[in-house]
Amino acid sequence: MATVVLADALARLFPGAPREQQVDAADVAAVLDLLDARWPGMRDRVADSTPRIRRHLDVFVDGRKAGLETPVAAHSEVLILTAMSGG
Amino acid sequence: MSRLLLLLGTKKGAFLLESDEARRDWALRGPFCETWPLNHVVADPATGTIWGAGGNEWFGPAVWKSTDLGRSWTHSSRGLAYPEGEEPVKTAWSLAVADGALYAGVQPAGLFRSTDSGESWEHVRGLRDHPSRPDWQPGGAGLILHGILPHPEDRAQMWVAISSVGVFHTADGGRSWAPRNRGIRCDYNPEDQRYPEYGQCVHGLTMAAGRSGRLYQQNHCGMYRSDDGGRSWQSIEQGLPSSFGFPVAAHPHDPDTLFLLPLNGDSLGRFMPDAKAAVWRTRDGGRSWQALRNGLPQEGCYFGVLRQALAVDGMAGTGVYFGTSSGELYGSADEGESWRCLARHLPPILSVETLRVPG
């Protein structure tokens, strides 16, 4: 199982969602599908309808910046982080 | 006895101000919605449900919802999206409750409908199918659908306001749309092209009380009245300090009474004329205007008031409220004759609406 770590600001949008979760998924898109099944709406918060990762979010798989099609291995660490943004 | 809530959308979340019928003392709650920018916060007076339309730079567009007068909130954007490959929806800009449905206007301009109280959305495709769409140009805030005006009796009719495209009307529940901009000036076009079919920059759109054919509009280029549902418009800007402003609010009972907040000009800073705050009111459908200043600051007012940040209530002695780009909320409990500052030091205020609830 891969480990997914959510940005605090993302987890706060889904009361009860833990910062760290285990998923069994082949790529980042499948990770988001699983998260969306557990926490309806979470995929929309991370990816837009293009579809691609939202511009001010970063997803890292095992330390490398990733896109929706990036493979996820059985023991990967997937970080979903907010990029610096605001005003 | 009833209570009145003022619903504020701000750059940093939703806020609620609450008072009783006297509207003297106000209690502030917020910020709500994880401090997301909320362009428009509205309520259904029949149920008390509150929704907030917005978007966050990190997490995209969503409509927030509270069924307990702001104590708890949820959010959803299910279906609030264009097909894959099209420019995604960036933020939700406007909301309207009509005949059991909730409508949302978004950026880039489009209209969505929810029939389950904002839990999910369907695209009202007919508007973006209009043949003029390739020509739609964004205004200063982007290509936004910022105004939704349902017909109060005919559920098939609706007007929408898009910057800088103009007013469009549907008579068949959103399947087809037609521009309704005849008589609206476009000062930035060549002289012989200043009255196009579309391409005008509507800023605010409202309907007169009890007269569904009478509309009022604040445009980038002038103030207007229509007495035929927007088929034709007449300028009502004579007597006002400028032709530029954003919000417009119709009196809840008198179709001839209207409130505007003209700013000094689109290229002059877009703040209060002469840096003195005033709401302008007509009692005769725009033939003459009075400046309402009593209680408003009369020096150093370098703030603006945006398109959704002026509202009226339905209480005895009609209340009028406006929120500023500098985070102050001003209110009047006597149709604008006198004013007080009800809240200050808030984030920039983007919208003001009212909700009357049983005591």
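This is a predicted model: local features need pLDDT of at least 70, side-chain atom pairs count only at pLDDT 80 or more; totals for chains, interfaces and linings use all residues.
Arg133(B) sits in the loop that links α1 (125-128) to β12 of chain B.

**Two loop residues of chain B**

- Arg133(B) and Phe259(B) are 126 residues apart along the chain, and 32 Å separates their C-alpha atoms.
- Asp187(B) belongs to the loop between β15 and β16 (202-207) of chain B.
- Asp187(B) has 15 C-beta neighbours inside 10 Å, so it is partly exposed.
- Once neighbours within four places in sequence are left aside, Asp187(B) is in contact with Arg194(B) and Cys221(B).
- Asp187(B) and Gly222(B) are 35 residues apart in sequence, while their C-alpha atoms are 9.4 Å apart in space.

**The sheet from β12 to β15 in chain B**

- Strands of a sheet pair through backbone hydrogen bonds, and the pairing is either parallel or antiparallel.
- Four strands of chain B form an open sheet in the order β12-β13-β14-β15, and their pairing is antiparallel.
- The edges of this sheet are β12 (144-150) and β15 (178-179) of chain B; each has a single partner strand, so one side of each has no neighbour in the sheet.
- Strand β14 (residues 166-170) of chain B is joined to β15(B) by 2 bridges, and the two run antiparallel.
- Phe168(B) stands opposite Pro179(B), a residue of β15(B).

**The sheet from β16 to β19 in chain B**

- Another open sheet of 4 strands in chain B has the order β16-β17-β18-β19, again with antiparallel pairing.
- At its edges stand β16 and β19 (234-235) of chain B, each with a single partner strand, so one side of each is left without a neighbour in the sheet.
- Between β16(B) and strand β17 (residues 215-219) of chain B there are 5 bridges, and these strands run antiparallel.
- Thr206(B) is placed opposite Tyr216(B) in β17(B).

**The fold of chain A**

- Chain A contains 3 helices and 5 strands.
- Its radius of gyration is 12 Å, close to the 12 Å that the globule rule gives for 87 residues, so chain A is as compact as a globular protein of that length.
- Along the sequence, the elements of chain A follow the pattern β-α-β-α-α-β-β-β.
- The C-alpha atoms of chain A fill a box of roughly 40 × 25 × 20 Å along the principal axes.
- Buried residues make up 31% of the 87 residues of chain A.
- Of the contacts in chain A between residues at least 6 apart in sequence, 46% join residues at least 24 apart.

**Helix α2 of chain A**

- An α-helix has 3.6 residues a turn, so residues three or four places apart point the same way.
- Helix α2 (residues 28-38) of chain A has Val28(A), Val31(A), Leu32(A) and Leu35(A) buried.
- Viewed down the axis of α2(A), these buried residues fall within an arc of 95°, so they line one face of the helix.
- The buried residues of α2(A) pack against several elements of chain A, including β1 (2-6), α3 (42-46) and β5 (77-82).

**Where the chains touch**

- Contact between the chains involves 13 residues of chain B and 16 residues of chain A.
- On the chain B side, the residues that touch chain A divide into 5 nonpolar, 4 polar and 4 charged.

Terms used. Residues are numbered from 1 along each chain as its sequence is written. Chains are lettered from A and ligands numbered from 1 in the order in which they are written. Two strands pair if DSSP finds at least two bridges between them. Two residues are in contact if their C-beta atoms, placed from the backbone, lie within 7 Å. Ala, Val, Leu, Ile, Met, Phe, Trp, Tyr, Cys and Pro count as nonpolar, Asp, Glu, Lys and Arg as charged, and the others, Gly among them, as polar. A residue is buried if 20 or more other C-beta atoms lie within 10 Å of its own, exposed if 12 or fewer, and partly exposed in between; C-beta atoms are placed from the backbone. The arc is that of the directions from the helix axis to the C-beta atoms. The radius of gyration is taken over C-alpha atoms; the globule rule is 2.2 Å times the number of residues to the power 0.38.
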